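Here is a friendly note to read alongside the model. Keep the structure open and turn to each residue as it comes up.

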Amino acid sequence: MTSDKYSLSSTIKLFFPFFRPYLRKYVVAIVLLVLTIGLSLVSPLLFKIIIDNGIKLRNIHSLNMLAVALAVVLLLSAGVRGLMDYIHEWVSAWMIYDMRANLFSRIQNQSLEFFLNHKVGDMLTRLRSDIASVYSILVNTFLAGLGEVIQIIGIVICMFWLNYKLAIIALLFTPGLYVTLKVTGKKIRQLSLDLRDKDATLLEFFHEILSNMAIVKLYSREEFTSAAHSHISNQVIRSSLHRLRYKFLSIFLIAVLTGLAPIIFIWYGGRQVINGYLSFGGFIAFYLYAVRFYAPIQSLANRGVEIYNGLASAQRIGEYFELQSSIAEPQAPIFLQDISGGISFEGVSFRYPGATQNALTDVSFRIKPCEKIAVVGPSGAGKSTMINLLCRLYDASSGQIEVDGYDVKTVALRSLRNEIGVISQELFLFNDSILNNIKFARPDATDQEVVAAAKAAHLDSLIGSLPDGYKTIIGSRGLKLSGGQRQRIALARVVLKNPKIWFLDEFTSSLDSQTEALIYESIAPLLQNKTAITITHRLSTAMLADRIIVMHDGRSLETGTHASLCALNGLYRKLFDAQMCFAADAI
């Protein structure tokens, strides 16, 4: 994707749908802007009349009337400008929301492959800084630029009406502004894009370190992380200063060009007044117009720099707007209703993006409705991958996965995932209340339903001991709670969801045996009439299942009950004997 694709015109075309709902209000703002500029152009003419017809002729009545007129013009201008600013800010707030909501939705709809290949800091930068920058060029810069263009045209007309020779002098240096902008603008745009990328890297660094602060402290790596921060920040500073040098060059040249012209026309205009070719009031009015003329000229030229910066952000956002999820919603989706919970894997193979070996190879098995299955095997055997494929977080490279006889690729994603509940070793809790963490499974659930789910997960004693009860904030990732308490909240969340298929993925591996026993005691009644797949390294847990599937190197090697697998004397027997020997040695 080249930067040329994101010219100003193509950027306007890409983002105009977000602007269309607010077009009428924006037109009102433009009308008010024109009125404001028109009122501002009247002031210098009133000053000319005050000087020539009031002060010079010593006419007190005219002076009084003109002063009142000038005050009325200033008050009207301020009032109209205030109303215009309010409408503009209203449009700004809602348009930024629409763009950010659309971008956030596109990011959320990507597969897990996308999140493996993109940094969180980069996504945050696009959602925050880049959105604001694009809005700036589409709305702020346009409105301000339009106002400056109208102001320049009006001032030029007034200056030529007052004195065409002075007007020509005032316009002498304007061609140089275009050349300056053209030469420096492209380089500034390239450097702005590079700076955006480095800012995203810095944000990703902070996100990663702050999310893993416990590890940093346990290994006493504060000095190391500070050094890493210094290295990344130095890159950001160098990139920023590099861009600043070009921006300074552009602004310096523009300031010189717009500063020389007033010196010349003041010299020439003064001679015109001395020689009687121009009234003193006319010269003052012309001077006021000229001062106002160069301010929007310089500002308009600087708009080019802002536009180049904004186009760099437009490119980054445009890249995300073109994203297509690798997990596609079916064209004619099937919606599951009252399923029994049967699962089938037929010749399923899968390789993670960028990996050199398959995570699963020709895996086949069937799980009956309401059957309790344990999946065991060494680390990296492909056990958790089955969850990802069944939930369509990824799609199998080959083979077919079915739920109740329906190919999962033909089922609506939300319908499929609503029937599957997952409790994993890595708990996903939010820095929010216990109530909202449980309710995350079903935001429309009543408080009574949440309480019932919490009781089923045996959270009563915990919640009763907390001063704020269900409203207690549990901290980032639930770190204010113990491991067992966090597991119970995750359990209550799945109970509230009430799926037909449960996946228990090593979710008690970090707990002691006593706590694990209590957790499983809580779960057992909840799994009646449910299909349950428990992924575990603890074969004592696996022994409780109806059947056991043994995975190794991405293949399903053995299937059967604990007794039949022990009699088979295969991999399961080796794993079981090894665990029993370890347990015996530990006693």
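In which strand is the place of Asp362? Asp362 sits in strand S2. Before going further, please keep in mind that this is a predicted model, where local features need pLDDT of at least 70, side-chain atom pairs count only at pLDDT 80 or more, and totals for chains, interfaces and linings use all residues. Residues are numbered from 1 along each chain as its sequence is written, and side-chain values use heavy atoms, with hydrogens and water left out.

1. Let us begin with the overall build. The chain has 20 helices and 10 strands; helices (H or I, at least four residues) and strands (E, at least two) are DSSP runs, numbered from the N terminus. The C-alpha atoms fill a box of roughly 120 × 55 × 50 Å, taken along the principal axes. The radius of gyration of the chain is 35 Å, whereas a compact globule of 587 residues would have one near 25 Å. That radius is taken over C-alpha atoms, and the globule rule is 2.2 Å times the number of residues to the power 0.38.

2. Next, the inside and the surface. Of the 587 residues in the chain, 45% are buried; buried means under 20% relative accessible area, exposed over 50%, and partly exposed in between (1.4 Å probe, protein chains only). The chain exposes about 30,400 Å², and carbon and sulfur atoms supply 60% of that area. These areas come from the Shrake-Rupley method with a 1.4 Å probe; for residues, only the protein chains shown count as cover.

3. Now look at contacts along the sequence. Among contacts between residues at least 6 apart in sequence, 78% join residues at least 24 apart. Here, contact means heavy atoms within 4.5 Å.

4. Just after H9, Gly276 takes a positive phi of about 85°.

5. Two other residues deserve a look for their phi angles. Most residues other than glycine have a negative phi. Asp362, though not a glycine, has a positive phi of about 50°. Asn569 also has a positive phi, near 60°; this residue is in the loop between helix H19 (562–568) and helix H20 (571–586). At 54% relative accessibility, Asn569 counts as exposed.

6. What does Ser326 touch, leaving aside its neighbours within four places in sequence? Ser326 is in contact with Ser111, Glu113 and Asp395. Its place is in the loop between helix H10 (280–321) and strand S1 (343–350). With 44% relative accessibility, Ser326 is partly exposed. Ser326 and Gly259 are 67 residues apart in sequence, and their C-alpha atoms are 57 Å apart in space.

7. Arg351 lies in the loop between S1 and strand S2 (360–367). A relative accessible area of 40% makes Arg351 partly exposed. Not counting residues up to four places away in sequence, Arg351 touches Thr356, Gln357, Asn358, Ala359 and Ser397. Arg351 and Thr385 are 34 residues apart along the chain, with 9.7 Å between their C-alpha atoms.

8. Finally, Tyr406 is in strand S5 (residues 406–407). Is Tyr406 buried, partly exposed or exposed? Tyr406 is partly exposed, at a relative accessible area of 37%. Residues up to four places away in sequence aside, Tyr406 touches Ile334, Leu336, Ile401 and Val411. The C-alpha atoms of Tyr406 and Ser384 are separated by 21 Å, and the two residues are 22 apart along the chain.
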